[in-house]
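Hi,

Here is the structure I promised to send over. Have a look at it first, and my notes on what turned up follow below.

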Amino acid sequence: MSITVHSVNGPVVKLRGGRALTMMETVRVGAERLIGEVVGVTEREAVVQVYEDTAGLKPGDPAEGLGEPLSIELGPGLLHNIFDGIARPLRALENATGPFMGRGVNLPALDPERKWDVTFHAAAGDTLTAGACWASCPETEIITHRCAAPEGGSVEWTAPPGAYTVHEPLLRLRDARGNVRELTLAGRWPIREARPSARRLAISMPLITGQRVIDTLFPIAKGGCAALPGPFGAGKTITQHQLAKWSDADVIVYLGCGERGNEMTQVLEEFGQLPDPKSGKPLLDRTVLIANTSNMPVAAREASVYTGMTIAEYYRDMGYHVAVMADSTSRWAEALREISGRLEEMPAEEGFPAYLSSRLAEFYERAGYKVTLGGQEGSVTVIGAVSPQGGDFSEPVTQNSKRFIRAFWALDRQLAYARHFPAINWITSYSEYLEDLAPWYEERLGRDFARLRARVTRLLQEESKLMEIVKLIGADILPEEQKLVIECARVVRLGFLQQNAYHETDTFVPIEKQKGMMEVMMHLYDEARRLVDRGIPLSRLKETGIFDRLIRIKYDVPNDQLLQLDDIRIGVDAAVGSVLEANR
Amino acid sequence: MRMEYLGLSEIRGPLVVLDGVENAGYEEMCELTLADGERRLGRVILLEGTRAVVQLFSGTRGLSLENVRTRFSGAPMEIPLSREMLGRVFSGAGRPVDGLGELYPEERRNINGSAINPVSRLYPRSCILTGISAIDGMSTLICGQKLPIFSGAGLRHNEVAAQIVRQAKTAGDDESEFAVVFAAMGVKNDTADFFRRNFEESGAIQRVVMFMNMASDPIIERVLTPRCALTAAEYLAFTCGFHVLVIMTDMSSYCEALREFSSSKGEIPSRKGYPSYLYSDLASLYERAGMLRGMGGSVTQVPILTMPNDDITHPIPDLTGFITEGQIVLDRELDQAGVYPPIAVLPSLSRLMKDGIGKGYTREDHPILANQLFSSYARVQEVRNLAGVIGEDELGETDKKYMEFGRLLEEHVIRQSPGENRTIDQTLALGWQALGVLPREELDRVEETLLRKYYHEDGAAALRGDL
C-alpha cells in the first residue's frame, strides 16, 4: 500500500498507509521530497515532523520511508565546512539554489568529487578490532583524519595507497560470522544515538580558554559541561566566539542553533582569517560550523544539536579533544516546545513539554572524557548558551540545564550595561570542577595558585557586601580598611575580570600570566594594608598612580614577557615606600 | 479550469472550514465570492484529508454556510513587484489603495520569502549615519542590521523614526540610493498621517513604499503586512540595488494579531497567551534584514514596538531582543524631563557597531569614546541612586563631577532638536566635551595617546557656555 499525505499543520504532517514505518525513520514527503522524521505511529496514521517549509504540500501527495533513522554522513571534509541542522552543506546548497534556501534539495554532507591522500595502517591478512584505525588522511593542515573500523574482522584486501574520494571502496573486511563488507572513507551514523566508546575516564584536565574569569575562577574541564545563561545583550555570543577561538581543544564544533544569520556569517569570515593559536593556520581548519538560523525550519533546529554532537563524537573517536559551542540551547528547547504544541501534547512548565529535562540530560550526557574503542583518549566538552526569557534564571531551561552541567557562568545585565565584559557575574557563577582539577593546577602552577584564587574570591565577596552599604551611604565615609577592600577589588574587577576581546594582547591570556597578575594584585593589597594599619590614608597611595598601573597590566605586559611583572611588583614596593617616607 | 466549491461546512471567527476539497496545498490562496459578488481572499492554514481550514483576510461578517463560492488559486500568496512601487501606497495585503491603479509587475513573489543561506550573506560593516548623536555615537546603525526601537505608549518613537528616515545616509562614498519601505500594522490614522506628512514635507515620499494596515483593519491582514513589506524591500534591495530602510510599526500590534489568530485556531497558548511559535515567527521577519555577497543593496530594519507597561521582559520585546542585533530603548524619565530624543543609552545597544565604526569607517576614537561614555554614564546612575539617599550635597568631589557629567551628557549630547542633523564629528566632539568634566584618571577605558589628542578639561566649560 502506498503512503500518502493526509493532513498538514506547519511542520507536522500526518501520513496514511504508513503502518510499516518505524519510529524515528527518515521519510521523504511530497513531490518535492521534503525531508522528515517519523515521531509517532498509530493504527490509522503516522506523524512526521518535516525539516523544511511545508507550504504547497497537499493531501494525497506521495511519501516514502527510507528505512533508516535520521543519519548524517561522516568523513573527511567536515572541517572547514558549514552545514545546516541536518548536515546539508550550505556552500553546495548555495551553488544549487542561490542565496535563498531552496527546498527538497538532497545533498550529501561530504564533497563526492574531492580526493584525499590516504595512508593505510592495515594490510591484507591483518586482524582489526572494532575502533582500530585502518587508514588516515590529512583533512586540513592541522587535523589528520583517522578512519576507525566499525567492527572487528580480518582484512581481505586493501586498495593501493593513493588519492581517493570518500565513496571509493578502500578495504574489504570479513567479520567473525563471515560477512564481508567494504569500507570507505565516509560512514553514516544516526544522529540521535551516542557513538560508542570503551569507557569513561575521570575528569582531570581543564579546557584552557585564555579567559581569566573562566580559567582562574570558574574553570571548565575537558569532557565537562558548562552553561552560559544571560539576557540578550549580555554577551553570550561574544563569549562563545572567544571560547571557540582560544580554547585549547583540537576540534571545535560551533553550533548556531536558532540564532542570527549575520552572526554565523561573522564566524565564517572571522574564523577563515584568524590563526589558530597553536598552529598559526586558519581557525576554520579545526572548526565545523552548523548554522540553523532562527528563520530556518524549526524541526531542523531541533535536530541540529544532535547533528553537532554526533560530529563532535566522531572526532573524539579519532582521539581528539573536541569542544561543542551550542548557541543557544534555549532556541532548541523552544523548537521542542513548538513541535510539541503542534503535536498537541500536554504541556508542562511554561508550555515546555514534560520531556524537556530528559532531552537536556541526553544531550549533556553525551559529553565526557573517554577512552575510544581504538584505545585512544578523547573528549567532548559542551558549552551551552542559554537565553532565559526576560533574563530570569528561574525559567525551566536554565533550571533544568543546571542539573546536568557543572560550570555555571551567569551573565549579568547590569555588568553588560556598564560594558564590563565578559559580563560573567563572579558572585552567582560557580564551577564544580575546581576540586577535580586541583591536582592539575597544583602540578602546573604550584600550590599557591589555589591560595591566590581563594584570596581573590574572598576579596570580591567582601566588596560585594560593602557595595550594599556604599549604595546607601556612599564610599567616602567608609573606614579606611573598607576603602582598601573596595579599591583593591576595583583593581581586580577592572584589571583582571574585565577582559577586552578586541585587544591584541588581552584577548587571550595564558594561565601563567593570569597567576602572575593575581600575585601582583594581592601584593598591592598586602602592602596597601600595611599603610592603612599605620593610619596613612589610602588616597596617598592612590595618588602615586600605582592602582591604575596595575589595572593596565593586561595591556602593558606582553603575554610572553612575564618577567615584566616583577618590575611592576617593584613599582608597588617603590610606591608604598615613597608614601611611607612622606608620612614618616 | 479550477473547481469552485459551493458553501462552507463551518465558520469560526476569521476561519472557515470546507469539506470535500481536493488538490489544495498548504498555505495556498483562495478567493471566496459572496452572493452579492463581493470577493474576499483567504489562505489555507490546515489540511486534513479533504477538509481544509481557510483563514479569511477581511473577516467572516456576512458569510453563511450557503451563500459562498470558493475557488482555490493553486499558489501561495504572492504580490506583484516593480520599481514603480516607490511613491505608492498599498493596503496591508499589498493591494494599491492610493487610487493610482494596479501596479504593472515585473515579477511576482511569494510573500513568505525564504531564509537567506548564511554562506551567501555579507557581514554588515558600513554604517548608516542618522544625524542623531545618541544613535550615531553610542548605538550606531549599520547597513543590513535589524535595530528595533523599544518604546512605550506615549513616547516619541514616531518622531525618532521619522527623523531617522529624513536624515539617514551611508557613511562612505557608497553610490547606492536610499529607499524606504514603511509598514504600518494596526496604527491609528493620526500616526499614519504623521508619517505620510513627514515623508511629503521632507521630499522623501518619492522613495517611500507604504503598506498600511490601520487599527480598524482586519487582523489577519496585519499578519501579512510585514511580509508584503519585506518582500518589496528584498526586491528593491537585491534586484534594484537600493539601500532599503524598513520601518515597521507597531510590532506589538502585529504580535497581538498573531495571538488572536492563534487562539482562533485553537492552538495551545504559551507565555502570556502568545503562540509557542512567536519566536520563530518574529525571526522569519527580522532575519530578512541583511546584505548579500556580490549583490549591491541592503535591507536594514528599524521595527518599532511599544513595550506593554514599559516592561522590557514582556515576551514581545524579550523575543525581539534575542533576534535583533541590538535595540534602541526609549526612556520615560528622560521624556518627562523634556529630553528629545529620549534615548536611554545604557540599555541601548548595537551589536554590529564594533565592526562598522572606528578607523576607516567613522573616526579612530569612536569605539573608545563610546565605551568610555557608557562606562562613565553607568557610574552616573550609581551616583544618582546614592544622591537620592544621602542628598547631592553630601557626595564626594568625584561623585559630584559624575553628577555634572550626567547632566551635560543628557542636556547637550543626547538632546537635540528633531530638525537637527549632526555630523559624526560634531557628535564625537560633544562626547569628548562632556567627558572633560571628569578628572583625567577617571577615564580608565581610554589609551594615553587618544587622551592627549582629544581630552580637554575645558571642554565641559564650552558645553556649559552655550547653556
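Predicted model: local features only at pLDDT ≥ 70, side-chain atom pairs only at ≥ 80, totals over all residues.

As background, most peptide bonds are trans, and most residues other than glycine have a negative phi. Against that, a cis peptide bond links F421(A) to P422(A), with omega at about -10°. P422(A) sits in the chain A loop that runs between α9 (413–417) and β26 (430–431). Chain B has a cis bond to look at as well: T249(B) is joined to D250(B) that way, and omega is near 5°. You'll find D250(B) in the loop between β18 (243–249) and α5 (251–264) of chain B.

Then there are the positive phi angles. E344(A) is not a glycine, yet its phi is positive, about 60°. E350(A) is another non-glycine residue with a positive phi, in this case near 50°. Where are they? E344(A) is in the chain A loop between α6 (329–342) and α7 (356–364), and E350(A) is in the loop between α6 and α7 of chain A too. Are they buried or exposed? E344(A) counts as exposed because it has 12 other C-beta atoms within 10 Å, and the cut-off for exposed is 12 or fewer. E350(A) has 15 such atoms within 10 Å, so it comes out as partly exposed.

Next, the interior. Nonpolar side chains tend to be buried together in soluble globular proteins. The largest nonpolar core in this model has 321 residues, and the ones with the most contacts inside it are V253(A), V324(A), V181(B) and V246(B). Helix α4 of chain B (residues 219–239) gives the most to this core, namely 13 residues. Setting aside neighbours within four places in sequence, V181(B) is in contact with V209(B), A229(B), A232(B), A233(B), V244(B) and V246(B).

Last, the domains. Chain A is split into domain 1 (3–69), domain 2 (74–96 + 198–432), domain 3 (116–185) and domain 4 (446–582). Taken over C-alpha atoms, the centres of domain 2 and domain 3 of chain A are 31 Å apart. Their contact takes 17 residues from domain 2 of chain A and 16 residues from domain 3 of chain A. What is the domain 2 side made of, by class? Where domain 2 of chain A touches domain 3 of chain A, it has five nonpolar, six polar and six charged residues.

Cheers

Technical notes:
Residues numbered from 1 in each chain as written. Chains lettered and ligands numbered in written order. Helix = DSSP H or I, 4+ residues; strand = E, 2+ residues; numbered from the N terminus. Buried ≥ 20, exposed ≤ 12 C-beta atoms within 10 Å, placed from the backbone. Core = buried A, V, L, I, M, F, W, Y, C linked by C-beta atoms within 7 Å. Contact = placed C-beta atoms within 7 Å. Domains from an automatic or database assignment. Nonpolar A, V, L, I, M, F, W, Y, C, P; charged D, E, K, R; others polar.
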